[in-house]
Amino acid sequence: MIQSIVDLHRYPILDTQAGGGRSVVEACHRQFRETGLCMLPGFLQPEALSTMVGEAQRLSGEAHITEQYRGSDTSTDPRATHAKFGAVAYDRLADDSLLRALYEWDGLTSLVEAIVNQPLNRTSDPLVSCTLSYFSQGDELGWHYDSNEATVSLLLQAADEGGAFEFVPRTRGHGVDAKEREQAVLDGQAEHLISPDLTAGTLSIFNGNQALHRVSPNTGKRQRIVALLNYAAEADYVFNEQVHMRFFGRTSPSMRLFNSVSFVNKC
C-alpha cells in the first residue's frame, strides 16, 4: 500500500541503509545538520495527495478553533505573538485514511530517525499523534519555538496568498549571534529568514526547538492545510490534558497522562 502513497521512485526509502535510500537519507541529514531544515518536495503520489486533501476537507467542519497570544519572559523567547487556526484530532481520521497509514508506517519513522540522527517513536496519543491544522483567511501562527527537536509536517494544501512557512536557523542556544538574529527577525528584518517555496505534498522535518519559525497570516481565500506527525524519544508518549483541551477542546478517555514535557508540533 505504501507505494500508492509515497513516491518511491523519487524517494526509494524502503531500504534506507543501501543504494538510493541511503543517498536520500545522507542528503536529507546533511540539510538538517547544516540548516536545521530538510524538505522532501513531491513526497506523496499525486493521487494520494488528492485523497488526503479530500479527507481533510470533509473533516474541516469539525476543526476546533484555537486562538491565543503568547508572551515571553526571557531574552531567548519570542515576544507576544498571535496564533489562530483550526485542528482536527487523530481519532477523527478514518480507519482506511491514507494519512493514518503513512503515519503508522514504520518506514517513515525510520526515515525521520535517520535524518535527525535520534531514536524516535510514534506517540501513543489518541488525539495528538497525527493531526490536521487549518489556516483560514486571517489565521496565522506567530513566531515561536516547539518543544521537540524534530518537527515533522506534511503540506496538503497551500494558501493562495500568504500562509508562508518562515524559518530562522539557530536562534536558540547558539550564543550572542543567535540572540541577535532572533531579535532582528522580531524587529521585522529578514536578513537571516528562510521562506521556502513549499508546494503541496512536501514533507518537512526541522528542529523546531532551536529555530524561531512561524506561519505568516493567510491573506487569501483558500485554506492552508497541513498534517502534523508527532514523534517522541519516549515510548508510548501521550500529551497532557492541557494540550488536548487547548487544541481540540476535549480529552480522550483512553489517554495516559505523563508529567514529562510535551512534544507538540504546531506548524
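How many helices and strands are there in the protein chain? There are 6 helices and 12 strands, where helices (H or I, at least four residues) and strands (E, at least two) are DSSP runs numbered from the N terminus. The structure is a predicted model, in which local features need pLDDT of at least 70 and side-chain atom pairs count only at pLDDT 80 or more, while totals for chains, interfaces and linings use all residues. Residues are numbered from 1 along each chain as its sequence is written, and side-chain values use heavy atoms, with hydrogens and water left out.

The pLDDT, which is the predictor's confidence in each residue on a scale from 0 to 100, averages 86 over the protein chain, and 85% of the residues score at least 70. Over residues 72-78, however, the pLDDT is below 50, and this stretch has 20 contacts in the model beyond near neighbours in sequence; a contact means heavy atoms within 4.5 Å. Residues 256-267 also have a pLDDT below 50, with 59 contacts in the model beyond near neighbours in sequence. Where pLDDT is low, the predicted coordinates should not be read in detail.

The chain as a whole comes next. Of the 267 residues in the protein chain, 53% are buried. Here, buried means under 20% relative accessible area, exposed means over 50%, and partly exposed lies in between (1.4 Å probe, protein chains only). The protein chain exposes about 11,800 Å², and carbon and sulfur atoms supply 47% of that area; accessible areas come from the Shrake-Rupley method with a 1.4 Å probe, and for residues only the protein chains shown count as cover. Among contacts between residues at least 6 apart in sequence, 82% join residues at least 24 apart.

The expected span of a helix is 1.5 Å times one less than its number of residues. For the 14 residues of H2 this gives 20 Å, and because the end C-alpha atoms are 20 Å apart, the two values agree. The buried residues in H2 are Ala48, Leu49, Met52, Val53, Gly54, Glu55, Ala56 and Leu59. Their cover includes E3, H3, strand E5 (130-135), strand E7 (151-157) and strand E11 (224-229).

Strand E8 (residues 165-168) is covered on both faces: Phe165 and Phe167 are buried on one side, and Glu166 and Val168 are buried on the other. E8 runs antiparallel to strand E10 (residues 212-215), and 4 bridges join them; two strands pair if DSSP finds at least two bridges between them. Val168 has Leu212 of E10 as its bridge partner.

Two individual residues give a view of the interior. Ser204 sits in strand E9 (residues 203-206) and counts as buried because its relative accessible area is 3%. Leaving aside residues up to four places away in sequence, Ser204 touches Cys38, Met39, Thr151, Val152, Ser153 and Leu198. Asn148 belongs to the loop between strand E6 (140-144) and E7, and is buried, with a relative accessible area of 1%. Although Asn148 and Asn207 are 59 residues apart along the chain, their C-alpha atoms are separated by 7.2 Å.

Charged side chains complete the picture. Side chains of opposite charge can pair when their charged atoms come close. A salt bridge is a side-chain nitrogen of Lys or Arg within 4 Å of a carboxyl oxygen of Asp or Glu, and by this rule the count comes to 6. One of them joins the side chains of Arg22 and Glu26 (3.1 Å, N to O). Both residues lie in helix H1 (residues 19-35), 4 residues apart, about one turn of the helix. Arg22 is partly exposed at 46% relative accessibility, and Glu26 is partly exposed at 39%.

Another salt bridge links Glu62 with Arg92, with the closest N and O atoms 2.6 Å apart. Glu62 is partly exposed at 41% relative accessibility, as is Arg92 at 38%.

Asp91 forms a salt bridge with Arg250, the closest N and O atoms being 2.7 Å apart. This pair links distant parts of the chain, 159 residues apart: Asp91 is in the loop between E3 and H3, and Arg250 is in the segment after helix H6 (241-248). Asp91 is partly exposed at 35% relative accessibility, and Arg250 is partly exposed at 30%.
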